[in-house]
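Subject: Structure for your review

Dear colleague,

Please find below the structure that I am handing over to you.

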Amino acid sequence: MNIKTLLTNLINTLLDGSFERVRIISQMNTAFKEYFTTGEFNRLCKVSIAQGNSAFAHEMSSLWIRSGFKITIENDSSLCESEINGLAAYITDNASFVRQLMAMGFDTLTIKGKTSGMTKSFALKKFANLNQYYIK
Amino acid sequence: MNPISRFFARMKFRRVIKTDESSNVVDSMVKARKLYKELSIATHPDKHPSKKDVAEKLMQQVTANKHNYSVLISLKNEIEEKLK
């Protein structure tokens, strides 16, 4: 292990996995923006870190103020609950991504319309298929 | 392991760990719905009376993975091979 990797790992550990979080969030934001500008997706989504719901906490959760994975829909005209549920299903049905989020300290998935304020929260631990490994 | 092969192994490992599910999730949100419709039509058992069992199994797989774009893409290739 060289000195650069050692320092990166050390800072990453001290910041509670922030590098990985930031990398994934920026990757997703870039992809959403590209799909919106090319016209392939009609909703512009923005991913960010938000406060989580303490009722959804698990053993790997980070501090509640940074344990929420929030997707904000910027152009939310005529946004309905079924559309939010539909978007959430793409994340909750992907068990490996849910586990990846949980490993990074997230416990709550929040999808929100920016102007309408319509919000739905989901507990990630329900979708990780960790039945045999009990998570409180 | 000599230094050159170690270097290439390291590079390969870095490439592997950089590919995560986040891009697949965004791709799924954008493209999976259209592909799912296309594949569910292509695998409908009524369209393949001679290979009904294969078509039914493939349709079940397609329905189970309707929110996962990368799996649907691999299923598309499988469908093209098995249901020609």
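This is a predicted model: local features need pLDDT of at least 70, side-chain atom pairs count only at pLDDT 80 or more; totals for chains, interfaces and linings use all residues.

Chain A holds an open sheet of four strands, ordered β1-β2-β3-β4, with mixed pairing. The edges are taken by β1 (45–50) and β4 (119–123) of chain A; each has a single partner strand, so one side of each is left without a neighbour in the sheet. Direction ignored, neighbouring strands are turned by 20 degrees against each other on average.

Strand β3(A)

On one side, β3 (residues 108–113) pairs with β2 (residues 68–73) of chain A in the parallel sense, over six bridges. Within this pairing, T110(A) is the bridge partner of K70(A), and I71(A) stands opposite I111(A). β3(A) is also joined to β4(A), by five bridges, and these two strands run antiparallel. Here L109(A) has F122(A) as its bridge partner. β3(A) and β4(A) form a hairpin with five residues between them, and G117(A) in the turn has a positive phi of about 75 degrees.

Is β3(A) covered on one face or on both? Both faces are covered: T108(A), T110(A) and K112(A) are buried on one side, as are L109(A), I111(A) and G113(A) on the other. In total, six of the six residues of β3(A) are buried.

The nonpolar cores

The largest nonpolar core has 29 residues, and V98(A), L101(A), L124(A) and V26(B) have the most contacts inside it. Elements giving two or more residues to this core are α2, β1, β2, α3, α4 and β3 of chain A, together with α2 (21–42) of chain B. The most comes from α2(A), with five residues. Not counting residues up to four places away in sequence, L124(A) touches several residues, among them F56(A), V98(A), L101(A), M102(A) and F106(A). A second, separate core of 10 residues includes A32(B), Y36(B), L39(B) and L72(B).

The contact between the chains

Chain A brings 17 residues into contact with 11 residues of chain B. On the side of chain A that touches chain B, the elements giving two or more residues are α2 (18–37), α3 (81–92) and α4 (95–103) of chain A. The largest share, six residues, comes from α2(A). By class, this side of chain A has 11 nonpolar, four polar and two charged residues.

Yours sincerely

Terms used: Residues are numbered from 1 along each chain as its sequence is written. Chains are lettered from A and ligands numbered from 1 in the order in which they are written. Two residues are in contact if their C-beta atoms, placed from the backbone, lie within 7 Å. Ala, Val, Leu, Ile, Met, Phe, Trp, Tyr, Cys and Pro count as nonpolar, Asp, Glu, Lys and Arg as charged, and the others, Gly among them, as polar. Two strands pair if DSSP finds at least two bridges between them. Axes are lines fitted to C-alpha atoms, for helices over the stretch in contact, and angles run from 0 to 180 degrees between N-to-C directions. A nonpolar core is a set of buried Ala, Val, Leu, Ile, Met, Phe, Trp, Tyr and Cys residues joined through C-beta atoms within 7 Å. A residue is buried if 20 or more other C-beta atoms lie within 10 Å of its own, exposed if 12 or fewer, and partly exposed in between; C-beta atoms are placed from the backbone.
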